[in-house]
Amino acid sequence: MKVVKTLEQDKSTDQSVTQEENQTSYLKIKKFKFVMLLFFLVFATAGITTFALAFGDEKAVNVGVTERSEFKKLYEAYDKLNENYYKDLKDETLVNGAINGMLESVGDPYSDYMNEEEAKKFQESISSSFEGIGAEIQEKEGYVSIVSPIKGSPAEKAGLQPNDKILKVDGKSIQGMSVTDAVLLIRGEKGTKVTLTIQRPGQEESMEVTITRDEIPIETVYAEMKDNGVAEIQITSFSENTYKELVNALNEMQDKGMKKLVLDLRQNPGGLLDQAIKISNLFVPEGEVLFQVEDNNGKVEKYVAEGGQKVTVPTAVLVDEGSASASEILSSAVSESNDIPLVGTKTFGKGTVQTAEEFEDGSNMKFTTAKWLTPKGNWIHEKGINPDYEVKMPDYAQLPYINPDKELKESDMSETVKTAEQMLNALEFNPGNVDGYYDEDTKAAVQQFQEKNKLESTGILKGETTVKLMDQLRQKLKENDPQFKKAVEVLNKQ
């Protein structure tokens, strides 16, 4: 605009020359002034820019960037660390730490940050096959604890139970550590060993459990036909193929004459939401509410059952303190929307929904975005679901694992000896006083057990004797499962 205005003013400067000369002179003046003006503008602009960069405030270069005053303190901390820390720091490390700190500050055990390496290993752990101990864990009140071991996994065989606190991994304390960091320590290649220091609720002393890592089972549904047309189907977790596995199991049991169904969700830590929805739909009549989701603005969305294949035989569901998340969605759906009885003990109590956001570099941020409610609008978070019929498992079901590599013999005294005495007692091999002292009675009970199982009669508890002792205890629990028996009793009355 300034250039145009100048040219217009020059147009009326000299009227004494001829028209031709006037036109020629006008063109010469116009060209000269235009070039000089452009030169002046370029020079002035360059000078102003140089001055601004050299002496001006840093904000001068933040063209088009919205200033975020809430990050001023963060920037100051970042700059001070980079300038003054006694060692060289990586920018990536500081940024990752800042994101991780934000997520930890919300105080939610289900929200965390994983860098690229951690995210990759996490994805491997939720795939159809991975190597490790096979247990769902969570961080709560500064401790990492077991939510539930996976069926058939090394963790289950080692006797790990819901709410067991993991104090150390291979002697290294993990108190205050994130779940992601703890998982990286616990997981490992098949055949390698890891020793966990466990604090079990109700027990004063901690115990060490050595577990041999293995490939974790990829099947999530196990079906078995019991007496009198009662089918027992166990769902151990909700993975990509769980719905298909369950439909196949139901069809198989139907072909075998299924008249009643006991659906076992005990020790099921949850998994994929879409699988829980599909499976809930099998047991809930069309149009009935499966569950509800409430977002951070208080808006509630209801998910209702659709038509399609339905389970029509009388059904009961088994739950316990290891039944969490998707297991609780299914349990509350069938209970509140179809009056299917729940049998067992109170569930874990996880009533939130998480969303995972992946960054360009492969790192991952998982955080809670909503809470889910039961069909009747109840929020079970940190409360759990109370079963219709409360039935506890026998005391021997809570006994800890005994390391087969550890030798127990006469004159020993420890909590591990006491555990062995309790196991022998449960299997009706009388060890005398159950007091943790390996006396003559304890030795005699071990010898009797060894002779009955055609093992070398040494009276020493170690190796094959220990493994056989724990296996038989698990088998007894399976054959005399009071929760399953109660479920069958309830179904027979319907």
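R474 has a relative accessible area of 36% and therefore counts as partly exposed, where buried means under 20%, exposed over 50% and partly exposed the range in between, with a 1.4 Å probe and protein chains only. This is a predicted model, in which local features need pLDDT of at least 70 and side-chain atom pairs count only at pLDDT 80 or more, while totals for chains, interfaces and linings use all residues. Residues are numbered from 1 along each chain as its sequence is written, and side-chain values use heavy atoms, with hydrogens and water left out.

- R474 belongs to helix α13, where helices are DSSP runs of H or I with at least four residues, strands are runs of E with at least two, and both are numbered from the N terminus.
- Although R474 and G159 are 315 residues apart in sequence, their C-alpha atoms are 9.7 Å apart in space.
- Leaving aside residues up to four places away in sequence, R474 touches E156 and K157, a contact being heavy atoms within 4.5 Å.

**Nonpolar cores**

- The largest nonpolar core holds 42 residues, and those with the most contacts inside it are I133, I137, L160, I166, L196, V209 and I211; such a core is a set of buried Ala, Val, Leu, Ile, Met, Phe, Trp, Tyr and Cys residues joined through side-chain atoms within 4.5 Å.
- Two or more residues of this core come from each of the strands β4 (143-149), β5 (165-169), β7 (193-199) and β8 (207-212), and likewise from each of the helices α7 (179-186), α11 (415-426), α12 (440-452) and α13 (464-479).
- The element that gives the most to this core is α11, with 5 residues.
- V209 touches A158, L160, V194, T195, L196, I198 and Y401, when residues up to four places away in sequence are not counted.
- Apart from this core lies another one of 38 residues, which includes F238, M253, I329 and L342.
- As general background, nonpolar side chains in soluble globular proteins tend to be buried together.

**Open sheet**

- Six strands form an open sheet with mixed pairing, in the order β10-β11-β12-β15-β16-β19, and two strands are taken to pair if DSSP finds at least two bridges between them.
- At the edges of this sheet stand β10 (221-225) and β19 (389-390), each of which pairs on one side only.
- Within the sheet, β15 (residues 315-319) pairs with β16 (residues 342-344) in the parallel sense over 3 bridges, and L318 stands opposite V343 in β16.

**Salt bridges**

- The structure holds 14 salt bridges, each defined as a side-chain nitrogen of Lys or Arg within 4 Å of a carboxyl oxygen of Asp or Glu.
- One of them joins the side chains of D405 and K193, at 3.2 Å from N to O; because D405 lies in the loop between β19 and α11 and K193 in strand β7, the pair ties together parts that are 212 residues apart in sequence.
- In that pair D405 counts as exposed, at 52% relative accessibility, whereas K193 counts as partly exposed, at 47%.
- R266 forms a salt bridge with D264, and their closest N and O atoms are 3.0 Å apart; R266 counts as buried at 9% relative accessibility, and D264 also counts as buried, at 4%.
- E410 and K443 form a salt bridge whose closest N and O atoms are 3.7 Å apart, and this pair links distant parts of the chain, with E410 in the loop between β19 and α11 and K443 in helix α12, 33 residues apart.
- E410 is partly exposed at 33% relative accessibility, and K443 is partly exposed at 29%.

**Nonpolar surface patch and its surroundings**

- L81, Y85 and Y86 make a nonpolar surface patch of about 350 Å², the area coming from the Shrake-Rupley method with a 1.4 Å probe, and for residues only the protein chains shown count as cover.
- Patches are made of residues with over 30% relative accessible area and no salt bridge, with like charges joined within 9 Å and nonpolar side chains (Val, Leu, Ile, Met, Phe, Trp, Tyr) within 5 Å.
- L81 lies in helix α3 (residues 72-84) and counts as partly exposed at 37% relative accessibility.
- L89, in the loop between α3 and α4 (91-105), counts as partly exposed at 29% relative accessibility and touches L81, N82 and L94, not counting residues up to four places away in sequence.
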